[in-house]
Amino acid sequence: QVQLVESGGGLVQAGGSLRLSCAASGRTFSGYTMGWFRQAPGKEREFVAAITWSGGSTVYAGSLKGRFTISRDNAKNTVYLAMNSLKPEDTATYYCATGVIGSGSYNYWGQGTQVTVSS
């Protein structure tokens with residue numbers, strides 16, 4: 001059974017940095033993509049970034065590229081999201097998810113980790 005466990009969220013001042021982690025287990029993830037999403041209160045969930053497990057190809061939401069960096073450690077089955085120059089509008093619950101490359105969908109989701117950026 002696939003499990004995704006996020007960690008690393010917390011409270012940070014505007015301009016600060018955080019690194020989120022997503023530990024994945026339950027299968028071999030070659031051929032899968034890992035994505036980060038976020039959802040702020042009262043808003044729809046939005047895509048943040050994604051990376052392929054095998055080749056490490058990345059894609060970002062245009063507005064976040066340059067401040068956020070996604071990476072992975074295949075040996076640890078862990079994906080990271082480094083967030084810099086955080087703004088209050090980055091406050092949200094951040095989720096990792098995984099799905100088959102090219103399927104257009106993410107089938108497995110973590111429970112989320114809260115990020116709060118104070119002004």
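Over the face of which ring does Arg45 lie at 4.0 Å from the ring centre? In this predicted model, the ring in question is that of Trp109. Arg45 also lies over the face of a further ring, that of Phe37, with a separation of 5.9 Å from the ring centre. Both Phe37 and Trp109 belong to one aromatic cluster, whose other members are Phe47 and Tyr106.

A pair of aromatic rings is described by the distance of the centres and the angle of the planes. Across the structure, 6 aromatic pairs are found. One of these is formed by Phe37 and Phe47 in an edge-to-face arrangement, with 5.6 Å from centre to centre and 75 degrees between the planes. This pair connects distant parts of the chain, given that Phe37 is located in strand E4 and Phe47 in strand E5, 10 residues apart. The two partners fall into separate accessibility classes: Phe37 counts as buried because its relative accessibility is 10%, whereas Phe47, at 28%, counts as partly exposed. The cut-off that places Phe37 among the buried residues is a relative accessible area under 20%.

The largest nonpolar core comprises 30 residues, among which Met34, Trp36, Leu81, Met83 and Tyr94 touch the most other members. At least two residues of this core are supplied by each of the strands E3 (18–25), E4 (32–39), E5 (46–52), E7 (68–73), E8 (78–83), E9 (92–100) and E11 (113–118). Strand E3 provides the largest share, with 4 residues. For Tyr94, contacts beyond the neighbours within four places in sequence include the core residues Trp36, Leu81 and Met83. The contacts of Tyr94 counted in this way also include Glu6, Leu20, Phe37, Arg38, Val48 and Phe68, together with Gly112, Thr113 and Val115.

Strand E4 is mostly covered, with 7 of its 8 residues buried. Strands of a sheet pair through backbone hydrogen bonds, either parallel or antiparallel. E4 runs antiparallel to E9, to which it is joined by 8 bridges, and Thr33 stands opposite Gly99 of E9. E4 is likewise antiparallel to E5, through 6 bridges. Within this second pairing, Met34 has Ile51 of E5 as its bridge partner; Met34 is also one of the core residues that touch the most other members. E4 and E5 form a hairpin in which 6 residues separate the strands, and Gly42 in the turn adopts a positive phi of about 80 degrees.

An open sheet of 4 strands is arranged in the order E1-E3-E8-E7, with antiparallel pairing. The hairpin of E7 and E8 has 4 residues between the strands, and Asn77 takes a positive phi near 50 degrees.

Arg19 lies in strand E3. With neighbours within four places in sequence set aside, Arg19 is in contact with Ser7, Gly8, Tyr80, Leu81 and Ala82. The C-alpha atoms of Arg19 and Ser57 are separated by 19 Å, the two residues being 38 apart along the chain.

Ser30 is placed in the loop between E3 and E4. This residue is partly exposed, with a relative accessible area of 46%. Ser30 and Val100 are 70 residues apart along the chain, and their C-alpha atoms are separated by 8.9 Å.

Methods
Residues numbered from 1 in each chain as written. Predicted model: local features only at pLDDT ≥ 70, side-chain atom pairs only at ≥ 80, totals over all residues. Heavy atoms only, no water. Core = buried A, V, L, I, M, F, W, Y, C linked by side-chain atoms within 4.5 Å. Buried < 20%, exposed > 50% of the residue type's maximum accessible area, 1.4 Å probe, protein only. Contact = heavy atoms within 4.5 Å. Phe/Tyr/Trp six-rings, centres within 6.5 Å; stacked < 30°, edge-to-face > 60°. Lys NZ or Arg CZ within 6 Å of the ring centre and 35° of its normal. Pairing = 2+ DSSP bridges.
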